[in-house]
Amino acid sequence: MVETNNLLPARYRGPGDRVFKTVIVLFSSVIILLAIGTALVIYLEARPTFRAFGYWNFLTETTWDPVAAVHGALPFIIGTLLTSFAALALAVVPALGVAIFTTEYAPWWIAQIINYTVDLLAAIPSVVIGLWGIFNFAPMMRERFYTPIYNWAYEDAEWLVPIIGAPSTYNFVTATIILALMIVPYTVALSRDAIGQVPREQREAAWALGATRWEVMRKAVLPYARTGIVAGILLSLARALGETMAVAMLIGNSNRVPFTLFGPAATMPSVIINEFREAVETLHYSSIMAVGFYLFIVTISINLLASYVQQKLSITKGGL
Amino acid sequence: MSIRATEQRETAAGEIVGAGGAATGVAATGGNGFYPNGRPVKKIDGTTVRMETEGLTVRYGVSTFGIQDVSMPVFDRSVTALIGPSGCGKSTFLRALNRMHDLGVDIEVTGAAILDGENIYEPQVDAVTIRRRIGMVFQKPTPFPTKSIYENVCAGLRLVGMRRKNVLDEAVEKALTDAALWDEVKDRLRSPGGSLSGGQQQRLCIARALAVEPEVLLMDEPTSSLDPNATMRIEQLIQQLKEQVTIVIVTHNMQQAARVSDYTAFFYVGEMVEISRTQQIFSSPREERTQEYLSGTFS
């Protein structure tokens with residue numbers, strides 16, 4: 001009797017399996033529907049803007065003037081791309097250094113301390129970092145760096161002045177530095193995981209050939225971990241693109257291109273958070289939605305690219 | 001050992017040294033009674049001792065012994081098999097021979113491992129240099145998956161700064177030929193090392209180890225992840241390789257030890273119970289524990 005029962009396919013063996021399967025399928029479907037639903041709603045709400053300006057012209061228009069009812073997303077797209085890539089450039093090398101140090105060089109207890117600290121950094125709410133930036137970091141930077149640099153440029157390097165601009169307290173560079181600080185923990189954590197997943201045998205193979213520590217890193221560990229590291233960098237980029245609060249608090253929020261280094265600027269998330277309460281005109285409201293829609297597209301593409309890199313190009317899955 | 005064979009060997013190796021200065025080890029002990037490093041050759045019963053351990057002890061943590069007080073010789077250009085039940089310390093011993101334990105956390109090695117009359121655990125000895133002279137092949141094939149077959153074989157030579165293409169080409173062909181892989185891969189040296197079959201990957205790893213001309217080759221259960229055919233090829237290869245390099249092989253397969261080795265050491269609970277010529281240990285072991293293990297009383 002018992003043997004016969006075991007021989008039967010699982011789906012005949014009582015209702016538990018079926019109930020469980022139904023429940024989890026239901027939950028998973030809800031998640032998918034939510035994501036698609038959100039995208040759809042944002043798109044529908046943004047349609048008046050697309051109808052008024054066109055999908056492409058909205059992207060390339062540099063004026064954003066709710067009073068004149070002219071809306072173009074280019075300043076925010078430029079702001080978002082510049083801050084994100086600049087922050088990424090600032091963050092990647094130190095983050096990789098930390099990841100390599102903690103996984104390969106540091107004694108375990110130092111590695112633990114560093115890892116906890118980095119994780120803690122990731123846990124600080126964005127608005128708290130923004131607060132610190134507003135009251136301490138931004139004024140300090142303006143006083144210690146931006147003003148002296150501007151004064152020097154004004155005297156000795158006039159060609160620099162249009163690039164760096166008159167220093168305001170809340171500006172492009174400050175927001176970028178804070179943004180870099182905020183993505184470092186992600187880059188560290190993700191590249192740490194990628195490095196940690198390199199099999200012990202790979203390292204030992206390099207050691208056994210007479211490689212030094214750095215050579216083991218360079219020849220065996222980093223090549224093996226490279227896809228994971230690249231995916232981690234892409235995910236950090238997606239996070240930087242979407243980061244809202246701290247950037248909105250520190251970037252100074254100016255819609256006027258061209259931006260200058262020490263002058264105020266704006267990003268896609270920052271314009272959304274700054275203007276959604278005042279958007280009483282239909283076109284203003286739908287334009288904010290349209291900015292949100294494009295931001296959604298960009299971050300989702302970056303995320304998809306990251307998972308593509310991670311899965312299709314990963315060594316363990318065979319492809320190269 | 002005939003003197004002429006020795007001379008040929010030295011010439012062949014000398015060319016590579018002369019051409020690029022890449023090879024650090026020359027797998028020959030001179031017929032003149034000296035190791036390549038100038039120290040006098042030690043012989044036991046007329047056979048040259050290439051490596052030797054004295055009271056080698058490996059501790060994990062404070063009290064757990066990996067191996068305890070192991071003293072045994074490794075004879076030049078022969079195959080020495082290490083056998084024993086799982087957890088007996090044979091792999092621990094093997095890894096102590098090229099200082100791989102340096103990399104572990106909380107592992108302490110005491111005693112001496114002597115290569116060419118020189119203790120590799122002396123403080124002034126550089127472990128990196130030692131590992132270039134004592135190659136290693138692991139249980140699982142470990143080609144570098146992002147590198148081509150060619151670059152995998154070159155990896156060791158590149159580490160010592162060799163860049164000249166003709167030297168590298170020659171070394172790759174020689175190492176792959178020695179590893180009995182050349183005919184199978186010569187037309188696709190640029191394809192990734194991971195694209196080979198398991199047995200080919202293992203021979204690639206052997207080629208990679210051979211390319212730097214090590215004096216001793218350590219093999220840690222090199223066939224345990226391979227099918228019988230691939231295993232047979234590796235065993236044949238080991239027979240050929242012992243002409244030029246001293247081999248120490250860990251195996252959990254007694255038949256394999258009997259087939260490939262000249263000497264066999266039996267390990268049990270962290271001790272080296274006995275070492276003899278392979279024929280002798282399988283026909284008339286001195287120790288009762290060896291007898292019991294070989295007859296299958298325990299495993």
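1. B:R50 and B:D116 form a salt bridge, with 3.0 Å between the closest N and O atoms; the term stands for a side-chain nitrogen of Lys or Arg within 4 Å of a carboxyl oxygen of Asp or Glu. B:R50 sits in strand β2 (residues 47–60) of chain B and B:D116 in the loop between β5 (107–115) and β6 (118–119) of chain B, so the pair ties together parts that are 66 residues apart in sequence. Strands (E, at least two residues) and helices (H or I, at least four) are DSSP runs, numbered from the N terminus. B:R50 and B:D116 are both buried. Buried means under 20% relative accessible area, exposed over 50%, and partly exposed in between (1.4 Å probe, protein chains only).

2. On provenance: this is a predicted model, in which local features need pLDDT of at least 70 and side-chain atom pairs count only at pLDDT 80 or more, while totals for chains, interfaces and linings use all residues. Residues are numbered from 1 along each chain as its sequence is written, chains are lettered from A and ligands numbered from 1 in the order in which they are written, and side-chain values use heavy atoms, with hydrogens and water left out.

3. A salt bridge also joins the side chains of B:E108 and B:R59, at 3.3 Å from N to O. This pair links distant parts of the chain, with B:E108 in strand β5 and B:R59 in strand β2 of chain B, 49 residues apart. B:E108 is partly exposed, because its relative accessibility is 39%. B:R59 also counts as partly exposed, at 22%.

4. B:D102 and B:R99 form a salt bridge with closest N and O atoms 3.0 Å apart. B:D102 is partly exposed at 35% relative accessibility, whereas B:R99 is buried at 12%. Elsewhere, salt bridges that share partners join B:R50, B:D76, B:R77, B:D116, B:R133 and B:E215 into one network. Over all chains, the structure holds 26 salt bridges.

5. Chain A carries a nonpolar surface patch made of A:L121, A:I124, A:V127, A:V128, A:W132 and A:L181, with about 450 Å² of accessible area together. Patch residues have over 30% relative accessible area and no salt bridge; nonpolar side chains (Val, Leu, Ile, Met, Phe, Trp, Tyr) are joined within 5 Å, like charges within 9 Å. Areas come from the Shrake-Rupley method with a 1.4 Å probe, and for residues only the protein chains shown count as cover. Helix α6 (residues 126–156) of chain A gives the most to the patch, with 3 residues. A:W132 is found in helix α6 of chain A and is partly exposed, with a relative accessible area of 39%.
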